[in-house]
Amino acid sequence: MNWIKKTGIIASVVVVSGVSIFAISTQNKNKITHEGTSNFFPTEVDFAGEQTPLNISDVNERFDKELLINTNLHSSTILVIKRANRAFPVIEPILKKNGVPDDFKYLAVIESALTNAVSSAGARGVWQFMPDTAKGIGMEVSETVDERYHLEKSTEAACKYLLTAKEKFGSWTLAAASYNGGMGGVLRQMESQKVTNYYDLLLNDETSRYVFRILALKEIMKNPEKYGYTIPQQELYFILPTKKIEVDSSITDLATFAKGQGINYKILKIHNPWLRDKKLDNVNKKIYTIEIPLKGYN
(Lines give C-alpha, C1' and ligand atoms only; values in the text may rest on other atoms or scores of the structure.)
Protein backbone atom coordinates (compact mmCIF):
# COMPACT_ATOMS: atom_id res chain seq x y z
CA MET A 1 0.00 0.00 0.00
CA ASN A 2 1.40 3.39 -1.00
CA TRP A 3 0.79 6.42 1.18
CA ILE A 4 0.40 9.82 -0.44
CA LYS A 5 0.38 13.09 1.46
CA LYS A 6 -0.80 16.24 -0.23
CA THR A 7 -2.37 19.47 1.06
CA GLY A 8 -2.69 18.11 4.56
CA ILE A 9 -4.78 15.08 3.53
CA ILE A 10 -3.63 11.50 4.00
CA ALA A 11 -4.83 9.15 1.25
CA SER A 12 -4.48 5.37 1.04
CA VAL A 13 -4.35 3.99 -2.48
CA VAL A 14 -5.76 0.55 -3.14
CA VAL A 15 -5.78 -1.16 -6.54
CA VAL A 16 -8.38 -3.91 -6.92
CA SER A 17 -9.09 -5.64 -10.25
CA GLY A 18 -7.51 -2.74 -12.09
CA VAL A 19 -9.68 -0.16 -10.29
CA SER A 20 -7.89 2.53 -8.26
CA ILE A 21 -9.75 3.72 -5.20
CA PHE A 22 -8.44 6.58 -3.04
CA ALA A 23 -9.88 6.52 0.47
CA ILE A 24 -9.50 10.04 1.87
CA SER A 25 -10.09 11.14 5.44
CA THR A 26 -10.71 14.79 6.20
CA GLN A 27 -11.63 16.70 9.33
CA ASN A 28 -15.13 17.00 7.94
CA LYS A 29 -17.26 14.26 6.36
CA ASN A 30 -15.35 11.27 4.94
CA LYS A 31 -15.01 11.50 1.19
CA ILE A 32 -13.98 9.00 -1.44
CA THR A 33 -12.02 9.99 -4.50
CA HIS A 34 -11.28 7.94 -7.57
CA GLU A 35 -8.35 8.50 -9.87
CA GLY A 36 -7.79 11.87 -8.24
CA THR A 37 -11.32 13.25 -8.68
CA SER A 38 -13.34 14.15 -5.59
CA ASN A 39 -16.50 12.16 -5.03
CA PHE A 40 -18.79 14.54 -3.19
CA PHE A 41 -21.71 13.05 -1.30
CA PRO A 42 -24.84 13.58 -3.48
CA THR A 43 -26.86 16.63 -2.48
CA GLU A 44 -30.09 15.11 -3.77
CA VAL A 45 -31.27 11.51 -4.01
CA ASP A 46 -34.62 10.10 -5.00
CA PHE A 47 -36.31 6.77 -5.49
CA ALA A 48 -38.86 6.59 -8.31
CA GLY A 49 -39.18 10.36 -8.20
CA GLU A 50 -39.80 10.41 -4.44
CA GLN A 51 -37.21 12.59 -2.73
CA THR A 52 -35.00 11.10 -0.02
CA PRO A 53 -34.84 13.52 2.96
CA LEU A 54 -31.06 13.71 3.36
CA ASN A 55 -31.55 16.67 5.70
CA ILE A 56 -32.57 14.17 8.39
CA SER A 57 -29.35 13.06 10.07
CA ASP A 58 -30.08 9.33 10.38
CA VAL A 59 -31.33 9.18 6.78
CA ASN A 60 -28.16 10.89 5.60
CA GLU A 61 -25.93 8.52 7.55
CA ARG A 62 -27.81 5.38 6.51
CA PHE A 63 -27.46 6.31 2.85
CA ASP A 64 -23.80 7.21 3.41
CA LYS A 65 -23.18 3.80 4.99
CA GLU A 66 -24.65 1.86 2.07
CA LEU A 67 -22.86 4.05 -0.45
CA LEU A 68 -19.51 3.43 1.27
CA ILE A 69 -20.11 -0.31 1.65
CA ASN A 70 -21.15 -0.89 -1.94
CA THR A 71 -18.49 1.40 -3.41
CA ASN A 72 -15.89 -0.77 -1.69
CA LEU A 73 -17.40 -4.17 -2.51
CA HIS A 74 -15.23 -4.13 -5.58
CA SER A 75 -15.68 -7.56 -7.15
CA SER A 76 -19.41 -7.69 -6.33
CA THR A 77 -20.08 -4.23 -7.75
CA ILE A 78 -18.05 -4.90 -10.89
CA LEU A 79 -20.03 -8.09 -11.47
CA VAL A 80 -23.46 -6.45 -11.11
CA ILE A 81 -22.42 -3.71 -13.53
CA LYS A 82 -21.35 -6.37 -16.03
CA ARG A 83 -24.52 -8.42 -15.53
CA ALA A 84 -26.76 -5.36 -15.80
CA ASN A 85 -25.71 -4.96 -19.42
CA ARG A 86 -27.44 -8.29 -20.06
CA ALA A 87 -30.33 -8.16 -17.58
CA PHE A 88 -31.51 -4.54 -17.73
CA PRO A 89 -32.52 -4.63 -21.41
CA VAL A 90 -34.91 -7.45 -20.46
CA ILE A 91 -36.20 -5.89 -17.23
CA GLU A 92 -36.57 -2.25 -18.32
CA PRO A 93 -39.26 -2.64 -21.03
CA ILE A 94 -41.34 -4.88 -18.76
CA LEU A 95 -41.27 -2.31 -15.97
CA LYS A 96 -42.19 0.43 -18.45
CA LYS A 97 -45.02 -1.58 -19.99
CA ASN A 98 -46.54 -2.15 -16.56
CA GLY A 99 -46.15 1.45 -15.37
CA VAL A 100 -43.55 0.57 -12.74
CA PRO A 101 -40.70 3.10 -12.33
CA ASP A 102 -37.38 2.18 -13.88
CA ASP A 103 -35.65 2.49 -10.49
CA PHE A 104 -37.09 -0.89 -9.49
CA LYS A 105 -34.46 -2.62 -11.61
CA TYR A 106 -32.06 -1.76 -8.78
CA LEU A 107 -34.33 -3.66 -6.38
CA ALA A 108 -33.54 -6.76 -8.44
CA VAL A 109 -29.84 -5.91 -8.09
CA ILE A 110 -29.90 -5.94 -4.30
CA GLU A 111 -32.19 -8.98 -4.14
CA SER A 112 -30.02 -11.31 -6.19
CA ALA A 113 -27.05 -9.46 -7.73
CA LEU A 114 -28.88 -10.24 -11.00
CA THR A 115 -28.32 -13.99 -10.66
CA ASN A 116 -30.73 -16.87 -10.13
CA ALA A 117 -29.93 -16.85 -6.45
CA VAL A 118 -31.32 -19.26 -3.86
CA SER A 119 -31.88 -17.98 -0.33
CA SER A 120 -31.76 -20.06 2.83
CA ALA A 121 -35.49 -19.39 3.26
CA GLY A 122 -36.31 -20.80 -0.18
CA ALA A 123 -36.66 -17.63 -2.25
CA ARG A 124 -35.35 -18.09 -5.78
CA GLY A 125 -34.54 -16.29 -8.97
CA VAL A 126 -33.50 -12.74 -9.82
CA TRP A 127 -36.59 -11.34 -8.04
CA GLN A 128 -36.35 -13.79 -5.10
CA PHE A 129 -39.92 -15.05 -4.87
CA MET A 130 -40.94 -17.56 -2.22
CA PRO A 131 -42.85 -20.59 -3.62
CA ASP A 132 -46.30 -19.67 -2.25
CA THR A 133 -45.94 -16.02 -3.25
CA ALA A 134 -44.91 -17.07 -6.76
CA LYS A 135 -47.86 -19.43 -7.15
CA GLY A 136 -50.26 -16.85 -5.73
CA ILE A 137 -49.15 -14.32 -8.30
CA GLY A 138 -49.56 -16.71 -11.24
CA MET A 139 -46.18 -18.36 -11.72
CA GLU A 140 -45.74 -22.09 -12.24
CA VAL A 141 -43.62 -23.79 -9.60
CA SER A 142 -43.30 -27.55 -9.94
CA GLU A 143 -40.66 -30.27 -9.92
CA THR A 144 -39.84 -29.76 -13.59
CA VAL A 145 -40.75 -26.09 -14.15
CA ASP A 146 -40.02 -23.12 -11.90
CA GLU A 147 -40.85 -19.77 -13.46
CA ARG A 148 -39.10 -17.90 -10.66
CA TYR A 149 -36.00 -18.63 -12.76
CA HIS A 150 -37.61 -17.12 -15.87
CA LEU A 151 -36.47 -13.50 -16.02
CA GLU A 152 -39.32 -12.17 -18.16
CA LYS A 153 -42.09 -13.97 -16.26
CA SER A 154 -40.66 -13.22 -12.82
CA THR A 155 -40.29 -9.54 -13.75
CA GLU A 156 -43.95 -9.49 -14.81
CA ALA A 157 -44.85 -11.05 -11.46
CA ALA A 158 -42.74 -8.51 -9.57
CA CYS A 159 -44.64 -5.74 -11.37
CA LYS A 160 -47.96 -7.20 -10.20
CA TYR A 161 -46.76 -7.21 -6.62
CA LEU A 162 -45.33 -3.70 -6.76
CA LEU A 163 -48.44 -2.20 -8.37
CA THR A 164 -50.60 -3.75 -5.64
CA ALA A 165 -48.24 -2.41 -2.98
CA LYS A 166 -48.23 1.07 -4.53
CA GLU A 167 -52.04 1.09 -4.50
CA LYS A 168 -52.04 0.08 -0.84
CA PHE A 169 -49.41 2.54 0.39
CA GLY A 170 -49.60 5.36 -2.15
CA SER A 171 -45.79 5.44 -2.23
CA TRP A 172 -43.24 3.67 -4.41
CA THR A 173 -40.69 3.85 -1.57
CA LEU A 174 -43.02 2.01 0.79
CA ALA A 175 -43.88 -0.44 -1.99
CA ALA A 176 -40.16 -1.20 -2.30
CA ALA A 177 -39.80 -1.61 1.47
CA SER A 178 -42.76 -3.99 1.52
CA TYR A 179 -40.99 -6.21 -1.02
CA ASN A 180 -38.64 -7.03 1.83
CA GLY A 181 -40.79 -6.55 4.92
CA GLY A 182 -44.11 -7.70 3.50
CA MET A 183 -47.16 -5.49 2.98
CA GLY A 184 -48.72 -6.59 6.26
CA GLY A 185 -45.51 -6.12 8.22
CA VAL A 186 -44.89 -2.60 6.92
CA LEU A 187 -48.52 -1.60 7.41
CA ARG A 188 -48.53 -2.80 11.02
CA GLN A 189 -45.44 -0.74 11.80
CA MET A 190 -46.93 2.33 10.13
CA GLU A 191 -50.10 2.00 12.20
CA SER A 192 -48.33 1.32 15.49
CA GLN A 193 -45.79 4.14 14.99
CA LYS A 194 -48.40 6.52 13.56
CA VAL A 195 -46.31 7.59 10.57
CA THR A 196 -46.88 7.30 6.82
CA ASN A 197 -43.35 7.67 5.42
CA TYR A 198 -40.65 4.99 5.08
CA TYR A 199 -37.96 7.38 6.29
CA ASP A 200 -39.89 8.00 9.54
CA LEU A 201 -40.27 4.31 10.37
CA LEU A 202 -38.19 2.29 12.83
CA LEU A 203 -37.98 -1.14 11.21
CA ASN A 204 -35.93 -4.30 11.57
CA ASP A 205 -32.34 -4.02 10.39
CA GLU A 206 -32.86 -5.64 6.99
CA THR A 207 -35.92 -3.62 5.98
CA SER A 208 -34.41 -0.47 7.46
CA ARG A 209 -31.40 -0.86 5.15
CA TYR A 210 -33.37 -2.08 2.16
CA VAL A 211 -34.29 1.14 0.34
CA PHE A 212 -30.90 2.66 1.15
CA ARG A 213 -29.17 -0.28 -0.51
CA ILE A 214 -31.31 0.30 -3.60
CA LEU A 215 -30.43 4.01 -3.56
CA ALA A 216 -26.72 3.25 -3.19
CA LEU A 217 -26.63 0.79 -6.09
CA LYS A 218 -28.64 3.19 -8.23
CA GLU A 219 -26.16 5.99 -7.52
CA ILE A 220 -23.10 3.82 -8.22
CA MET A 221 -24.47 2.07 -11.31
CA LYS A 222 -25.70 5.32 -12.87
CA ASN A 223 -22.33 6.96 -12.20
CA PRO A 224 -19.79 4.11 -12.25
CA GLU A 225 -16.77 6.20 -13.26
CA LYS A 226 -17.46 8.66 -10.45
CA TYR A 227 -17.06 5.78 -8.01
CA GLY A 228 -13.99 4.29 -9.64
CA TYR A 229 -15.58 1.67 -11.85
CA THR A 230 -14.36 2.14 -15.41
CA ILE A 231 -15.25 -1.04 -17.26
CA PRO A 232 -14.64 -1.26 -21.03
CA GLN A 233 -17.75 -1.99 -23.09
CA GLN A 234 -16.26 -5.22 -24.40
CA GLU A 235 -15.93 -6.56 -20.85
CA LEU A 236 -19.64 -6.20 -20.10
CA TYR A 237 -21.82 -9.31 -20.39
CA PHE A 238 -24.12 -9.17 -23.40
CA ILE A 239 -27.35 -10.87 -24.43
CA LEU A 240 -26.69 -13.88 -26.63
CA PRO A 241 -29.03 -14.02 -29.66
CA THR A 242 -31.44 -16.94 -29.57
CA LYS A 243 -34.26 -18.49 -31.51
CA LYS A 244 -37.49 -19.42 -29.72
CA ILE A 245 -39.09 -22.84 -30.03
CA GLU A 246 -42.61 -23.55 -28.78
CA VAL A 247 -43.39 -26.98 -27.36
CA ASP A 248 -46.80 -28.24 -26.23
CA SER A 249 -45.91 -31.75 -25.13
CA SER A 250 -43.68 -33.50 -22.62
CA ILE A 251 -39.95 -33.91 -23.27
CA THR A 252 -38.73 -37.14 -21.74
CA ASP A 253 -35.01 -36.39 -22.08
CA LEU A 254 -33.79 -32.81 -22.29
CA ALA A 255 -30.24 -33.91 -23.12
CA THR A 256 -31.49 -35.68 -26.25
CA PHE A 257 -33.72 -32.70 -27.07
CA ALA A 258 -30.70 -30.36 -26.75
CA LYS A 259 -28.59 -32.51 -29.07
CA GLY A 260 -31.40 -32.36 -31.63
CA GLN A 261 -31.15 -28.56 -31.48
CA GLY A 262 -27.41 -28.59 -32.10
CA ILE A 263 -26.43 -27.74 -28.50
CA ASN A 264 -25.72 -29.66 -25.32
CA TYR A 265 -27.67 -30.05 -22.07
CA LYS A 266 -25.56 -27.46 -20.23
CA ILE A 267 -26.23 -24.75 -22.82
CA LEU A 268 -29.95 -25.59 -22.86
CA LYS A 269 -30.19 -25.18 -19.08
CA ILE A 270 -28.13 -21.95 -19.06
CA HIS A 271 -30.56 -20.34 -21.51
CA ASN A 272 -33.66 -21.88 -19.91
CA PRO A 273 -32.96 -22.04 -16.17
CA TRP A 274 -36.69 -22.44 -15.46
CA LEU A 275 -36.34 -26.05 -16.69
CA ARG A 276 -35.56 -27.66 -13.34
CA ASP A 277 -35.25 -31.36 -14.19
CA LYS A 278 -33.78 -33.59 -16.89
CA LYS A 279 -37.23 -33.78 -18.43
CA LEU A 280 -40.27 -31.58 -19.00
CA ASP A 281 -43.63 -32.92 -17.81
CA ASN A 282 -46.47 -31.36 -19.77
CA VAL A 283 -49.63 -33.47 -19.41
CA ASN A 284 -51.84 -30.38 -19.82
CA LYS A 285 -50.35 -29.51 -23.22
CA LYS A 286 -49.26 -26.08 -22.03
CA ILE A 287 -47.24 -24.07 -24.54
CA TYR A 288 -43.70 -23.45 -23.34
CA THR A 289 -41.16 -21.28 -25.15
CA ILE A 290 -37.63 -22.65 -25.12
CA GLU A 291 -34.69 -20.47 -26.16
CA ILE A 292 -31.91 -21.94 -28.27
CA PRO A 293 -28.76 -19.86 -28.89
CA LEU A 294 -27.97 -19.16 -32.51
CA LYS A 295 -25.02 -20.96 -34.02
CA GLY A 296 -21.75 -19.47 -32.87
CA TYR A 297 -23.26 -17.89 -29.72
CA ASN A 298 -23.10 -20.76 -27.24
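Me: Are Tyr 161 and Tyr 179 buried or exposed?
Reply: This is a predicted model, so local features need pLDDT of at least 70, side-chain atom pairs count only at pLDDT 80 or more, and totals for chains, interfaces and linings use all residues. Residues are numbered from 1 along each chain as its sequence is written, and side-chain values use heavy atoms, leaving out hydrogens and water. Buried means under 20% relative accessible area, exposed over 50% and partly exposed in between, with a 1.4 Å probe and protein chains only. On that scale, Tyr 161 and Tyr 179 are both buried.

Me: How many aromatic pairs are there?
Reply: Rings of Phe, Tyr and Trp (its six-membered ring) pair if their centres lie within 6.5 Å; planes under 30 degrees apart count as stacked, over 60 as edge-to-face and the rest as tilted. Counted by this rule, the aromatic pairs come to 11.

Me: What kind of aromatic pair do Trp 127 and Tyr 179 form?
Reply: Trp 127 is buried, as is Tyr 179. Their rings sit 6.3 Å apart, centre to centre. With 65° between the planes, the pair is edge-to-face.

Me: How many residues apart in sequence are the parts that Trp 127 and Tyr 179 tie together?
Reply: Helices (H or I, at least four residues) and strands (E, at least two) are DSSP runs, numbered from the N terminus. Trp 127 is in the loop between helix H3 (105–112) and helix H4 (131–136), while Tyr 179 belongs to helix H6 (residues 172–181). The pair therefore joins parts whose separation in sequence is 52 residues.

Me: What is the angle between the planes of Tyr 161 and Tyr 179?
Reply: These two tyrosines make an edge-to-face pair, with 5.4 Å from centre to centre. The pair links distant parts of the chain, 18 residues apart, with Tyr 161 in helix H5 (residues 151–169) and Tyr 179 in H6. The angle between the two planes is 85°.

Me: Which residues do ring pairs link into a cluster with Tyr 179?
Reply: Tyr 179 pairs with Trp 127 and with Tyr 161. Phe 129 also belongs to the cluster. Besides Tyr 179, then, the linked residues are Trp 127, Phe 129 and Tyr 161.

Me: Which residue lies over the face of Tyr 149?
Reply: A charge sits over a ring if NZ of Lys or CZ of Arg is within 6 Å of the ring centre and within 35 degrees of the ring normal. At 3.8 Å from the ring centre of Tyr 149, the residue over its face is Arg 276.

Me: At what angle do the axes of H6 and H8 cross?
Reply: Axes are lines fitted to C-alpha atoms, for helices over the stretch in contact, and angles run from 0 to 180 degrees between N-to-C directions. The axes of H6 and helix H8 (residues 205–222) come within 9 Å. Contact means heavy atoms within 4.5 Å, and Tyr 179 is among the H6 residues that meet H8. The crossing angle is roughly 130°.

Me: How are H1 and H8 oriented to each other?
Reply: Angles under 35 degrees count as roughly parallel, over 145 as roughly antiparallel, 65 to 115 as roughly perpendicular and the rest as oblique. The axes of helix H1 (residues 57–71) and H8 come within 8 Å and cross at roughly 55°. That angle makes the two helices oblique.

Me: Which residues of H7 are buried?
Reply: H7 covers residues 183–193. The cover over its buried residues includes H5 and H6. Those buried residues are Met 183, Gly 185, Val 186 and Met 190.

Me: What is the phi of Lys 194?
Reply: Most residues other than glycine have a negative phi. Lys 194 follows H7, in the loop between H7 and H8, and counts as exposed at 72% relative accessibility. Its phi is positive, near 60°.

Me: What is the relative accessible area of Lys 285?
Reply: Lys 285 also has a positive phi, near 60°. This lysine is in the loop between helix H10 (265–271) and strand E9 (288–293). Lys 285 is exposed, since its relative accessible area is 54%.

Me: What is the relative accessible area of Glu 147?
Reply: Glu 147 is in the loop between H4 and H5. Leaving aside neighbours within four places in sequence, its contacts include Lys 153, Trp 274 and Lys 286. Glu 147 is buried, because its relative accessible area is 5%.

Me: What share of the 298 residues is buried?
Reply: The secondary structure comes to 10 helices and nine strands. Of the contacts with a separation of 6 or more, 56% are between residues 24 or more positions apart. The buried share of the 298 residues is 46%.
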